[in-house]
Amino acid sequence: MAPAPEPPTGPLRYAVVFVIHGDGSYLFHDEGGKPLEADQVALERARATAEANPEAEVFVFHQRDRRGLTRENGTLELYRNGTIVLRRGYRRNSGGLEAEIALYRDLTRIAPSADPQRLFLYFGHQVPERPESGYHSSLPRASFGLEPLADGLAGFLPPEHRFDLAVLSTCNNGTPTAIAALAPRARYLVASPADLHLSHLATGTLAHLERRDPMEAGLLARELALAAFGELTERVSTIVTISVYDLDTLAPLVAEAAAELQARLAGAEGVLEFYDCGEDPRFSSLAGLPGVTVLYRPPRFGRERTKAAHSGLQCY
Amino acid sequence: MKRFRVAVAVLLLVAIAAPLFADNAQTKWENRLKEYFNDLLLKVEETKDPAEKRALLNESLERFLTAMDRVQRLPFLNQEQREALARFEAEVQEKHDELNGVAGFAMVANADLDDFAGYMVQDLEQAMRSYVVLSTAAIIIIIVLLILLL
């Protein structure tokens, strides 16, 4: 039987890649004690975003554990012009994004010469500062970290291109190291420089991108951060900190701190202890930097309940 | 001969199925820990008397701290696992201290006990991944069993 023809497609002015990590424990409980899976919440939001963008090509990669007798540990949903055109399982063999990149390159309809607005969104646990094993339940020996993630971003891009906006819906990835690693791959970054509640960042602001000026990625980043911040602060009583990083402005300003942190990583063993860079006199140069927009609300309880401000950057 | 064939068939099935279930083992036990704290929150919210609420929180936190203490004494843990467990234990200890107004904390007011229990669940669900991921499934299983048995 011949495959069903794909529906005709209109212009594709937006290239969006969601990578949703669900290959581990993502259980959390809402305010009423109802159990929810964070990756499923993110998946629903990604689908809603994809369906609300008639001029976008949206890849939604769901990295998950293996189920039943299949060896597949990922699912791809591909949307064009607001309609799902493909849903298929795939197999990941490594800790990085190699399997996703191979599928993307094989399936994208956006020509390398085209210049769409490009968005990359990652939902998961904290991406380790240095590559570590244990991140993926189905691949316990596979290594993953900021460097493999940054390499992965490059894999989705034509040469000499960057994402207009990268979003890391994870804990503790608003660090100088992350800024240095991602600056060659993205113009703006939205990330949390502290713990981020498992329910993830809301992405409702990404609906109907065609109604916006595609050049204003910085504005889009700020609006996404603000909406996610508003939604989280209403629901959770833990710390909520979301930062928008203008990577062109920031990368040279944090280069020295990033190098120092990298040197610390090389000699460090065990679990990293994260803290606000603004609390460390050795990183006083990072206080009040241009290019960082900080949204912060202290936790309702705990030692930091009286902490009035956050530098927007996390150190260790 | 028939019994032998059945035994071989069962062994083959187990050999095929075991890795599939092993993938999810750590996730399931991590989830069990999260459910432990959420069950506590629900019990606290159902209880009317503030003294009983506080007692429930204290009892569960102390049971958890005792379990963590015993697990950390296991001889086969490596340094990274010990450190991860100690840090997670410190997170839980801090909740216990705040609840009771020690170690520099003001005691959580009676009117805030439900909110505090909710905060505790959210905070530990977040923290757990940072610390417990470095442990092995075996350690998590031991923690859960100790909590249940203590």
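1. Two strands are taken to pair if DSSP finds at least two bridges between them; helices (H or I, at least four residues) and strands (E, at least two) are DSSP runs, numbered from the N terminus. The model is predicted: local features need pLDDT of at least 70, side-chain atom pairs count only at pLDDT 80 or more, and totals for chains, interfaces and linings use all residues. Residues are numbered from 1 along each chain as its sequence is written, with chains lettered from A and ligands numbered from 1 in the order in which they are written.

2. The sheet of chain A. An open sheet of 9 strands runs in the order S6-S5-S4-S1-S7-S10-S11-S12-S14 (chain A), with mixed pairing. Its edge strands are S6 and S14 (292-297) of chain A, each of which pairs on one side only. From one strand to the next the twist averages 10 degrees. Strands of a sheet pair through backbone hydrogen bonds, either parallel or antiparallel.

3. Strand S5 (residues 74-80) of chain A is antiparallel to strand S6 (residues 83-90) of chain A, with 7 bridges in the pairing. A:Gly74 lies opposite A:Tyr90 of S6(A). The hairpin of S5(A) and S6(A) has 2 residues between the strands, and A:Asn81 there has a positive phi near 50 degrees. A:Asn81 is partly exposed, with 18 other C-beta atoms within 10 Å (a residue is buried if 20 or more other C-beta atoms lie within 10 Å of its own, exposed if 12 or fewer, and partly exposed in between; C-beta atoms are placed from the backbone).

4. Most residues other than glycine have a negative phi. A:His208, in the loop between S11 and H5 of chain A, has a phi near 50 degrees, a positive value in a residue other than glycine. A:His208 counts as partly exposed, having 14 C-beta neighbours inside 10 Å.

5. Strand S1(A). How many residues of strand S1 (residues 14-21) of chain A are buried? The strand is mostly covered, with 8 of its 8 residues buried. A:Tyr14, A:Val16, A:Phe18 and A:Ile20 point one way from S1(A), while A:Ala15, A:Val17, A:Val19 and A:His21 point the other way. S1(A) pairs in the parallel sense with strand S4 (residues 56-63) of chain A over 8 bridges, and S1(A) also runs parallel to S7(A), to which 7 bridges join it. A:Val19 has bridge partners in both: A:Phe61 in S4(A) and A:Tyr122 in S7(A).

6. Strand S12 (residues 240-246) of chain A and S14(A) pair in the antiparallel sense over 6 bridges, and A:Tyr245 has A:Val292 as its bridge partner in S14(A). Helix H5 (residues 217-235) of chain A packs on the sheet, touching S7 (117-123), S10, S11 (186-191), S12 and S14 of chain A, and its direction makes about 175 degrees with that of S12(A). Helix H6 (residues 247-267) of chain A lies across S11, S12 and S14 of chain A at about 95 degrees to S12(A). Axes are lines fitted to C-alpha atoms, for helices over the stretch in contact, and angles run from 0 to 180 degrees between N-to-C directions.

7. Chain B. This chain has 5 helices and 0 strands. Of its 150 residues, 33% count as buried. Among contacts in chain B between residues at least 6 apart in sequence, 75% join residues at least 24 apart (two residues are in contact if their C-beta atoms, placed from the backbone, lie within 7 Å).

8. A helix pair in chain B. Helix H2 (residues 50-72) of chain B packs against helix H3 (residues 79-100) of chain B at an angle of about 160 degrees, the axes being 10 Å apart. H2(B) is therefore roughly antiparallel to H3(B), a term for angles over 145 degrees. Residues in the contact include B:Leu61 and B:Phe64 of H2(B) and B:Leu85 and B:Val92 of H3(B). The contact residues divide into 10 nonpolar, 4 polar and 4 charged (Ala, Val, Leu, Ile, Met, Phe, Trp, Tyr, Cys and Pro count as nonpolar, Asp, Glu, Lys and Arg as charged, and the others, Gly among them, as polar).

9. The interface. In chain A, 28 residues are in contact with 32 residues of chain B. The side of chain A that touches chain B comprises 8 nonpolar, 14 polar and 6 charged residues.

Methods: Angles under 35 degrees count as roughly parallel, over 145 as roughly antiparallel, 65 to 115 as roughly perpendicular and the rest as oblique.
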